[in-house]
Amino acid sequence: MIKTVVNDVELKFKTNEELFSPKYLDKGTLAMLSIIEFEKNDKVLDLGCGYGLIGILAAKLCIPANITMVDINEKAVKCSKENAKLNGVPEVEVTLSDGYSNILTNDFNKIICHPPYHADFSVAKMIIEKGFNRLAIGGHIYLVTKRKEWYKNKLISTFGGVKIWEIEGYYVFMAIKKESSYSKAKPRKKRKKTGENNKEIFKK
């Protein structure tokens, strides 16, 4: 059992040795959550939910019924359902799904994912391209990884721009769906850089 406080919210999680980061909360996921500002009416997809940290935190800050959590691992789905009840948000939807395959909704305004580190880029490509199609106009996709250039380039080519934060060795990416079709933008080396959390803004 992990008992913790994330973004001023008290949480507790039963875990499983076969799931990602079973003994402590993953630092990359926490870095990403430090950037995200949840709104009450957000419709959120936690893609690859594991034992449920992202989705359950979102459910505590938003309307629980607007939160969808999916994972390809049956044990993760079972664990997330138990943890949703444990944290008082049993209304969240927790579904077994290979990526977006079992998700019918296409109007999320936040998709949040910590892609697997050692998967080839075909998985990340699917997450980004199909995620674009599952977002409402104005919706945001958030990713956290240890790699930068490929994700930066792919998000720019799909969404037309990206913001990147470097936090404790991780890169947190945020892109916004501004149009109904993929962007034709190409990454540019010229960029505006700010000092806030080492954030970089890449645009068309």
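What you see is a predicted model, in which local features need pLDDT of at least 70, side-chain atom pairs count only at pLDDT 80 or more, and totals for chains, interfaces and linings use all residues. Residues are numbered from 1 along each chain as its sequence is written, and side-chain values use heavy atoms, with hydrogens and water left out.

**Two packed helices**

Let's start with H4 and H5. Helices here are DSSP runs (H or I, at least four residues), strands are DSSP runs too (E, at least two), and both are numbered from the N terminus. Helix H4 covers residues 121-134 and packs against H5 at an angle of about 30°, with the two axes 10 Å apart. That makes H4 roughly parallel to H5. For reference, angles under 35 degrees count as roughly parallel, over 145 as roughly antiparallel, 65 to 115 as roughly perpendicular and the rest as oblique. The axes are lines fitted to C-alpha atoms, for helices over the stretch in contact, and the angles run from 0 to 180 degrees between N-to-C directions.

Which residues do the touching? On the H4 side they are Phe121, Ala124, Lys125, Ile128, Glu129 and Phe132, and on the H5 side Trp150, Tyr151, Lys154, Leu155, Thr158 and Phe159. Sorted by class, this contact has 8 nonpolar, 1 polar and 3 charged residues. In that sorting, Ala, Val, Leu, Ile, Met, Phe, Trp, Tyr, Cys and Pro count as nonpolar, Asp, Glu, Lys and Arg as charged, and the others, Gly among them, as polar. Contact means heavy atoms within 4.5 Å.

H5 itself spans residues 149-159, and its buried residues are Tyr151, Lys152, Lys154, Leu155, Ile156, Thr158 and Phe159. Buried means under 20% relative accessible area, exposed over 50%, and partly exposed in between (1.4 Å probe, protein chains only). Lysine 154 counts as buried because its relative accessibility is 15%. Setting aside neighbours within four places in sequence, lysine 154 is in contact with Lys125, Ile128 and Glu129. Just past the end of H5, glycine 160 takes a positive phi of about 95°.

**Salt bridges**

The structure holds 5 salt bridges, each being a side-chain nitrogen of Lys or Arg within 4 Å of a carboxyl oxygen of Asp or Glu. The table lists some of them.

| Pair | N to O distance |
|---|---|
| Lysine 43 and aspartate 107 | 2.9 Å |
| Lysine 125 and glutamate 129 | 3.1 Å |
| Glutamate 129 and lysine 154 | 2.5 Å |

Lysine 125 and glutamate 129 both sit in H4, 4 residues apart, or about one turn of the helix. Lysine 125 is partly exposed at 37% relative accessibility, while glutamate 129 counts as buried at 18%. Through shared partners, salt bridges join Lys125, Glu129 and Lys154 into one network.

Lysine 43 lies in the loop between helix H1 (27-33) and strand S3 (44-47), and its partner aspartate 107 in the loop between strands S5 (93-96) and S6 (108-113), 64 residues apart. Lysine 43 is partly exposed at 26% relative accessible area, and aspartate 107 is partly exposed at 37%.

**Helix H2**

Finally, why is H2 (residues 53-61) described as largely enclosed by the rest of the structure? Because 7 of its 9 residues are buried, namely Leu53, Ile54, Gly55, Ile56, Leu57, Ala58 and Ala59.
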